[in-house]
Amino acid sequence: MERLKALEMQDMSTAIAIKSQMSPQQLMVLQSEMANRRKSMGLAYVLLLFLGGLGLHRFYLGSTGPAVTMLILLVVGIATTVIGIGIALLVVLGCWELVDLFLVPAMVRAADEKSEHEIITRLSL
């Protein structure tokens with residue numbers, strides 16, 4: 001856990017150092033692009049609460065691997081409910097959604113940081 005916090009602090013200090021070297025015009029472009037790309041925490045929660053089994057909140061936040069896994073669990077779970085296996089898969093999916101309720105803020109921050117990094121990289125070229 002300490003290592004993760006140290007890496008986050010290092011990434012933040014690197015981003016701050018890069019931003020301090022940018023021109024006012026580049027900073028304006030960065031702010032404008034971030035305003036367009038910023039992910040909405042509210043929308044992520046709405047997608048999770050109403051369409052969480054489909055993994056749409058994870059698709060929205062750019063986490064396609066886990067989103068596809070959630071979608072497959074839902075489809076296979078529904079298809080195999082008749083023979084009893086599907087209930088277990090749907091319970092696992094429900095637990096995953098419950099955990100995601102607490103992970104959404106961090107996922108939104110990570111998606112925003114990734115977008116900011118991409119914009120800074122593009123502006124630095």
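Leaving aside its neighbours within four places in sequence, R122 is in contact with E33 and R37, where contact means heavy atoms within 4.5 Å. This is a predicted model, in which local features need pLDDT of at least 70 and side-chain atom pairs count only at pLDDT 80 or more, while totals for chains, interfaces and linings use all residues. Residues are numbered from 1 along each chain as its sequence is written, and side-chain values use heavy atoms, with hydrogens and water left out. Here is a quick tour, starting with the whole chain.

**The chain as a whole**

- The protein chain has six helices and zero strands; helices (H or I, at least four residues) and strands (E, at least two) are DSSP runs numbered from the N terminus.
- Along the sequence the pattern reads α-α-α-α-α-α.
- Of the 125 residues in the protein chain, 26% are buried; buried means under 20% relative accessible area, exposed means over 50%, and partly exposed lies in between (1.4 Å probe, protein chains only).
- Taking contacts between residues at least 6 apart in sequence, 53% join residues at least 24 apart.

**Helix α2 against helix α6**

- Helix α2 (residues 24-37) and α6 cross at roughly 145°, and their axes come within 10 Å; axes are lines fitted to C-alpha atoms, for helices over the stretch in contact, and angles run from 0 to 180 degrees between N-to-C directions.
- The crossing of α2 past α6 is right-handed, a term used if the near helix is turned clockwise from the far one by less than a right angle, with anticlockwise giving left-handed.
- From α2, the residues Q26, V29, L30, E33, M34 and R37 meet D112, S115, E116, E118, I119, I120, R122 and L123 of α6.
- By class, this contact of α2 with α6 has six nonpolar, two polar and six charged residues; Ala, Val, Leu, Ile, Met, Phe, Trp, Tyr, Cys and Pro count as nonpolar, Asp, Glu, Lys and Arg as charged, and the others, Gly among them, as polar.

- R122 sits in helix α6 and counts as partly exposed, at 44% relative accessibility.
- The C-alpha atoms of R122 and L30 are separated by 9.9 Å, although the two residues are 92 residues apart along the chain.
- S115 is also placed in helix α6, and S115 is buried, with a relative accessible area of 10%.
- Not counting residues up to four places away in sequence, S115 touches M34 and R37.

**Helix α3 against helix α6**

- Helix α3 (residues 41-51) packs on helix α6 (residues 85-124) at an angle of about 160°, with their axes 10 Å apart.
- That angle makes α3 roughly antiparallel to α6 (over 145 degrees; under 35 is roughly parallel, 65 to 115 roughly perpendicular and the rest oblique).
- α3 passes α6 in a right-handed crossing.
- On the α3 side the contact is made by M41, A44, Y45, L48 and L49, and on the α6 side by E97, D100, L101, V104, P105 and V108.
- By class, the contact of α3 with α6 has nine nonpolar, no polar and two charged residues.

**G77 in helix α5**

- G77 belongs to helix α5 (residues 64-79) and counts as buried, at 0% relative accessibility.
- Not counting residues up to four places away in sequence, G77 touches I72, G86, L89 and L90.
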